[in-house]
Amino acid sequence: MPSPSATIGATPNAPRFTTLPPLALYIHIPWCLKKCPYCDFNSHAQRDTLPETRYVQALLTDLETALPSIWGRRFSSIFFGGGTPSLFSPAAIDAILAGVRARMPVPPGTEVTLEANPGTFEAQKFAEFRDAGINRLSIGIQSFNPGHLRALGRVHDDAEAHRAVEIGLATIGNINLDLMYALPEQTLPEAVADLRTALSYAPPHLSAYHLTLEPNTLFARHPPRLPDDDSAAEMQDEIEALLKEAGYDHYETSAYAQPGRQCRHNRNYWEFGDYLGIGAGAHSKLSFPDRIRRQVRYKQPQQYLDMIDAGTPVIEEHEVGRRDAGFEFMLNALRLNDGVPVALFQERTGFPLTLVEPALAAAEAKGLLARDHQRMGPTELGRRFLNDLQELFLA
Ligand SMILES: C[S@@+](CC[C@H](N)C(=O)[O-])C[C@H]1O[C@@H](n2cnc3c(N)ncnc32)[C@H](O)[C@@H]1O
Ligand code: SF4
């Protein structure tokens with residue numbers, strides 16, 4: 001007879017996968033021209049010349065070392081994130097992609113995104129990124145308002161923001177624009193003006209993030225005057241309404257896409273797919289027939305490079321327990337406005353849905369979640385109070 005700690009009800013302790021989830025590749029480039037005062041990403045101001053050649057080599061060694069964990073699989077998408085990946089030369093991006101293709105299957109038509117900052121844009125360079133295999137750009141516009149760009153400590157001005165969109169559209173075409181709202185002293189008409197300017201370019205994809213004060217940033221230590229919660233909520237409502245009117249599908253909390261242009265890479269995160277993250281501070285989630293493993297790599301670029309030479313870039317590794325698997329799946333899936341197929345829970349966590357049944361029932365009773373035998377997802381109320389909904393799955 002199993003011990004009481006081995007099972008809770010009928011739910012086994014270890015996951016069981018009959019098929020593994022899709023596998024995405026994330027490549028972290030940890031440098032920026034300057035550190036923005038609101039940013040808590042693993043990004044470091046560039047001091048001297050970037051150690052580009054050494055870092056490219058390190059990334060490929062990193063991938064090589066990870067291969068035994070992903071044998072027989074293929075990459076469903078590739079994403080260069082940062083930091084500012086567009087600081088790297090097209091030759092470096094080409095060498096990375098060629099190295100990836102030499103080691104793992106990357107089917108034709110795979111989405112390959114590069115995050116790019118205005119201020120690093122130059123038409124020839126972006127044409128070369130395209131030739132290297134980049135077929136999607138995510139451009140960190142944040143705002144088209146020169147005063148707000150200054151308040152955010154951005155290195156680019158409004159003219160460079162426009163130029164970046166124009167070059168992005170002319171060279172690669174498939175672009176996402178990142179905007180932030182509820183900026184220091186921003187008014188509703190100013191937030192709307194930013195959005196209208198972005199929409200005038202008809203970008204296939206747009207992300208609109210509520211500026212948040214993240215711990216350990218300059219803004220957290222010296223907070224600027226930000227719009228209050230009611231004003232921020234009004235901005236969000238107006239942004240949603242305008243994007244809907246313009247034909248965009250609001251498919252995730254902060255993401256909007258023209259029909260057929262959702263970001264496949266990010267969607268894989270929200271659907272609790274697998275990802276291998278290589279580069280400084282990158283996170284991975286990898287499934288095996290009987291376990292899910294998470295890994296984190298050394299965060300400081302120099303330390304990452306040294307540890308690659310020493311044999312392992314991984315600083316932390318653990319297996320995802322049953323409770324965390326259920327919570328993490330729901331945390332991600334509930335960000336998707338249309339929800340997910342009910343069957344995806346078992347497919348991606350390796351556990352039966354009964355694992356989260358009490359929380360599902362509680363969320364349904366509170367009107368935060370709706371489900372039938374096919375799909376489950378947040379209601380209108382659940383989308384508005386997403387944190388409350390997600391918290392029910394933490395208990
Ligand atoms: C990984 S970041 C970096 C992209 C790129 N380096 C840039 O800044 O243009 C991706 C996006 O997250 C958003 N972001 C970063 N910090 C944020 C914060 N504190 N609050 C809300 N959104 C934030 C920005 O819109 C940014 O473009
Ligand atoms: S450019 Fe982007 S990643 Fe770099 S510091 Fe600014 S917000 Fe962070």
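The shell around ligand 1 holds five nonpolar, seven polar and four charged residues. In this count Ala, Val, Leu, Ile, Met, Phe, Trp, Tyr, Cys and Pro are nonpolar, Asp, Glu, Lys and Arg are charged, and the others, Gly among them, are polar. The structure is a predicted model, in which local features need pLDDT of at least 70 and side-chain atom pairs count only at pLDDT 80 or more, while totals for chains, interfaces and linings use all residues. Residues are numbered from 1 along each chain as its sequence is written, chains are lettered from A and ligands numbered from 1 in the order in which they are written, and side-chain values use heavy atoms, with hydrogens and water left out.

Ligand 1 is surrounded by 16 residues, and the closest are Gly83, Gln142, Arg154, Asp178 and Thr212. A residue is near a molecule or strand if one of its heavy atoms lies within 4 Å of it. Strands S6 (136-142), S7 (175-181) and S8 (205-210) each give two or more residues to the shell. Helices (H or I, at least four residues) and strands (E, at least two) are DSSP runs, numbered from the N terminus.

Why is S6 described as largely enclosed by the rest of the structure? Seven of its seven residues are buried, meaning under 20% relative accessible area, with exposed over 50% and partly exposed in between (1.4 Å probe, protein chains only). In a regular strand the side chains alternate between the two faces of the sheet. On one side of S6 the buried residues are Arg136, Ser138, Gly140 and Gln142, and on the other they are Leu137, Ile139 and Ile141. S6 pairs with strand S5 (residues 111-116) in the parallel sense over four bridges; two strands pair if DSSP finds at least two bridges between them. In this pairing Leu114 stands opposite Leu137.

The shell of ligand 2 consists of Cys32, Lys34, Lys35, Cys36, Tyr38, Cys39, Ser43, Gly83, Thr84, Asn117 and Arg154. By class, four of these residues are nonpolar, four polar and three charged.

Asn42 lies in the loop between strand S2 (31-32) and strand S3 (44-45). Asn42 counts as buried because its relative accessibility is 11%. Its side chain makes a polar contact of 2.7 Å with the side chain of His44. A polar contact is a pair of N or O atoms within 3.5 Å; within protein, one must be able to donate a hydrogen and the other to accept it, and residues adjacent in sequence count only if both atoms are side-chain atoms. Beyond its neighbours within four places in sequence, Asn42 is in contact (heavy atoms within 4.5 Å) with His28, Pro30, Gly83, Ala280, Gly281 and Lys299.

Another sheet is open and antiparallel, with three strands in the order S15-S17-S16. S15 and S16 are the edge strands, each pairing on one side only. Two bridges join S15 (residues 340-341) to S17 (residues 375-378), where Val340 stands opposite Met376. Three bridges join S16 (residues 369-371) to S17, and these two strands form a hairpin with three residues between them. Here Leu369 stands opposite Pro378, and Arg371 stands opposite Met376.
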